[in-house]
Structures are given as C-alpha cells and as structure tokens.
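Here is a short walk through one protein chain. Look at the structure before reading on.

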Amino acid sequence: MQSLRIVVVNPVAIEGDDDPAFEAQAARGKALRIGLLEAGYNIVASLPADLYLPERIAQLQPDMVIIDAESDARDVLEHVVIATRDARRPIVLFTEDAKTSSMDAAMAAGVSAYIVAGLQTARIKPVLEVALARFRQEQKLLAELSDTKLKLAERKLLDRAKGLLMDHHKLTEQEAYQKLRRLAMDKNLKLSEVAQRIIDAADLLG
C-alpha cells in the first residue's frame, strides 16, 4: 500500500500580498504533503489543474490522483477526469465544499473519496486506503458487468445464427449448434465470430 505513486493536483493559485485564500491553500498543501510522506507514500509530482494535466498524468502514470481544492473544485475535477478517462485511477478529493450538489457531481464523475474538512495528517492514510479499496471494488464490478454484457451479446449472436442455419438447412437447434462448433474449430475462430459471419452473409444475401 505504501508504494503508491501519487500525483497531487492543486488549483492554479496566484500569490498576492497577504492573500488569505492563497495562504490557506498553501497551508492545506503543506499538511497534505506531510501526511502523505509520513504515511510512506511516494509523491511523484504536484501539478496545477491546467490544459497540460492529461499529458503530464499520462507521462507519470501514477497509481492515484489527489485533488486538493479548498472550494469549488469543479474546474479542477474536470481536468482530472479528462486526464484519467483512458486509464482509470482512484481519485481522492479533499475540499471544504460541503454542498450536496458538489459531492454528487464529484462522485458521478468518478471520484473515489470526497473528503470535506478532513485534511488532517493523521487521517490521510486511512482515507486513501478506503478510497483504493472502493476503487478496486468498483473496477471489479465494472469488469463483471462488461463480461455479462459481452456474454449476453454473444448469446444473441449464437441464437440468431442457429436460427438461420435451422431455417436454411432444416436442422434442429442441437444440429445447428454442432455445425457452428465444427465451423469454429475448422476455421480456428470463436463461436461468436463464426455466428457473426453467418449473420453478415445472410444480411448481405437479403
């Protein structure tokens, strides 16, 4: 767990003379870095949420992305979601924004953990462990759902191909299935691929 490679994303802040917002964000960023280092995590980069973020994350290939945004993290989150769209990673958002609408939008966008007023160094490790476990569970469920959908689609192909063989060659359902299996073995193809070819040929011939 402690070998996680982490990228921290912050809003693009502009330092000003005695700017309370900048000072608060700087203090939060310092607390986050301390908590991560004390927990033994590897901070590979601290990046601004700008147009170059997707490219930088693609280059760094972190295991997790942490967003540290005191308030209104929507723009930051949008950049991070785009950056992790092709290679999903757990996203943890530390914020002071307690609005339910903001939380719902963040979770719908793919955030694994939405932590409000929780940037205390002692809490960081358990928060990240829970976020990682939740992300892995979600990925497992998504993979199972994708596999179920694929099997259902393949079943529909097989049923349609069997129906075509039964109609054109006056076969029983079992005979049609055996014919599909023989064709698949002869051509070294999957059953679904043979079924698709039969369907395509039938559609072509009208």
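Start in helix 5, where Arg 155 and Asp 159 sit 4 residues apart, a separation of about one helical turn. Salt bridges with shared partners link Arg 155, Asp 159, Lys 162 and Glu 173 into one network. A salt bridge here is a side-chain nitrogen of Lys or Arg within 4 Å of a carboxyl oxygen of Asp or Glu. Between Arg 155 and Asp 159, the closest N and O atoms are 3.5 Å apart. Arg 155 is exposed, with a relative accessible area of 52%. Asp 159 is partly exposed at 36%. Buried means under 20%, exposed over 50%, and partly exposed in between, with a 1.4 Å probe and protein chains only.

This is a predicted model: local features need pLDDT of at least 70, side-chain atom pairs count only at pLDDT 80 or more, and totals for chains, interfaces and linings use all residues. Residues are numbered from 1 along each chain as its sequence is written, and side-chain values use heavy atoms, leaving out hydrogens and water.

Helix 5 covers residues 121-169 and also holds Lys 151 and Asp 147, 4 residues apart. Their side chains form a salt bridge at 3.3 Å, N to O. Lys 151 is exposed at 53%, and Asp 147 is partly exposed at 35%.

Now turn to Arg 56 and Asp 50, whose side chains meet at 3.2 Å, N to O, in a salt bridge. Arg 56 is partly exposed at 29%, but Asp 50 is buried at 18%. The whole structure has 8 salt bridges.

Along its principal axes, the C-alpha trace spans about 85 × 35 × 35 Å.

How values were computed: Helices (H or I, at least four residues) and strands (E, at least two) are DSSP runs, numbered from the N terminus.
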